[in-house]
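Below is a briefing on a single protein chain.

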Amino acid sequence: MKTKMTSKKMMNKLTLIAFVLISFLSLEQNAQDKPNREKFIFEFGIGGGVISLENSEGTQTFDKSQGTSIFPDLKVGYMVKENLAITASLPGNIYSFEGNDRHFGGILPGVQYWVSNKWWINGSVGLAIDSPALYDVNDGNDNWDFGKMVSFGVGYEFYQKENFAMNIQSKVLLGSVNLDNNQHRDAASFGLSVGFNWF
């Protein structure tokens, strides 16, 4: 029952993202040729995707994927060149595990390179964090686990102004965290989100 409710929520979120994109695509005609990326950048993203997890003790396997919501997806950075930034990302995915909602995310230093005025690629590696979702902390869902994670993303800025841009982006996350009793949990996710950027 909970799986059906989660799937319905995911479809609602993806539909909302689609409507937001359609609404803002018409604004592109008023955009400038190039935004003013000089120093700091800040991005806030929201979206959805799929995640697969596997526990070494076998309670969950990669055979079963589930929908995930991406919120919040934060990124800060500093422009070192006109088309290159050093970034720190805080990606995350909400997933369901044994009746509880959990958050698989991390803190990832990386780089972002603008291949052209509107297209960019981002690569990061850093600390993976598997924790309870902040709204679902309870006695059976209060453990925090840490490990390592890598991320690769690509984005397209479909709306640009001098100090603001909106993009649609896809991201792949691969991570592993250490659990109690020498166990571990591996995760692989693919997400699609809308990013709101300030320069």
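Asp-145 sits in strand 7, where strands (E, at least two residues) and helices (H or I, at least four) are DSSP runs numbered from the N terminus. The model is predicted, so local features need pLDDT of at least 70 and side-chain atom pairs count only at pLDDT 80 or more, while totals for chains, interfaces and linings use all residues. Residues are numbered from 1 along each chain as its sequence is written, and side-chain values use heavy atoms, with hydrogens and water left out.

- Asp-145 counts as buried because its relative accessibility is 6%; buried means under 20% relative accessible area, exposed over 50%, and partly exposed in between, with a 1.4 Å probe and protein chains only.
- Its side chain makes a polar contact with the side chain of Asn-143 at 3.1 Å. A polar contact is a pair of N or O atoms within 3.5 Å; within protein, one must be able to donate a hydrogen and the other to accept it, and residues adjacent in sequence count only if both atoms are side-chain atoms.
- Leaving out residues up to four places away in sequence, Asp-145 touches Arg-102, Ala-128, Ile-129, Asp-130, Val-177, Asn-178 and Leu-179; contact means heavy atoms within 4.5 Å.

**Salt bridges**

- There are six salt bridges, each being a side-chain nitrogen of Lys or Arg within 4 Å of a carboxyl oxygen of Asp or Glu.
- Arg-102 and Asp-130 meet in a salt bridge at 3.1 Å, N to O. Arg-102 lies in strand 5 (residues 100-114) and Asp-130 in strand 6 (residues 119-132), so the pair ties together parts 28 residues apart in sequence.
- Salt bridges that share partners join Arg-102, Asp-130, Asp-145 and Arg-185 into one network.
- Lys-75 forms a salt bridge with Glu-43, with the closest N and O atoms 3.6 Å apart. Lys-75 is in strand 2 (residues 65-81) and Glu-43 in strand 1 (residues 40-55), so this pair ties together parts 32 residues apart in sequence.
- Lys-75 is buried at 4% relative accessible area, and Glu-43 is buried at 3%.
- Asp-73 forms a salt bridge with Lys-171, the closest N and O atoms being 3.0 Å apart. Asp-73 belongs to strand 2 and Lys-171 to strand 8, so the pair ties together parts 98 residues apart in sequence.

**Asp-186**

- Asp-186 is found in strand 9 (residues 184-198).
- Asp-186 is buried yet has no salt bridge, and Lys-148, the nearest side chain of opposite charge, is 7.2 Å away. Lys and Arg count as positive and Asp and Glu as negative, while His and the chain ends are not counted.
- The side chain of Asp-186 makes a polar contact with the side chain of Ser-176 at 2.6 Å.

- Strand 7 (residues 145-160) and strand 8 run antiparallel and are joined by 13 bridges; two strands pair if DSSP finds at least two bridges between them.
- These two strands form a hairpin with three residues between them, and Tyr-159 stands opposite Met-166 in strand 8.
- Strand 8 and strand 9 pair in the antiparallel sense over 15 bridges.
- In strand 8 (residues 164-178), 11 of the 15 residues are buried.

**Whole chain**

- Of its 199 residues, 43% count as buried.
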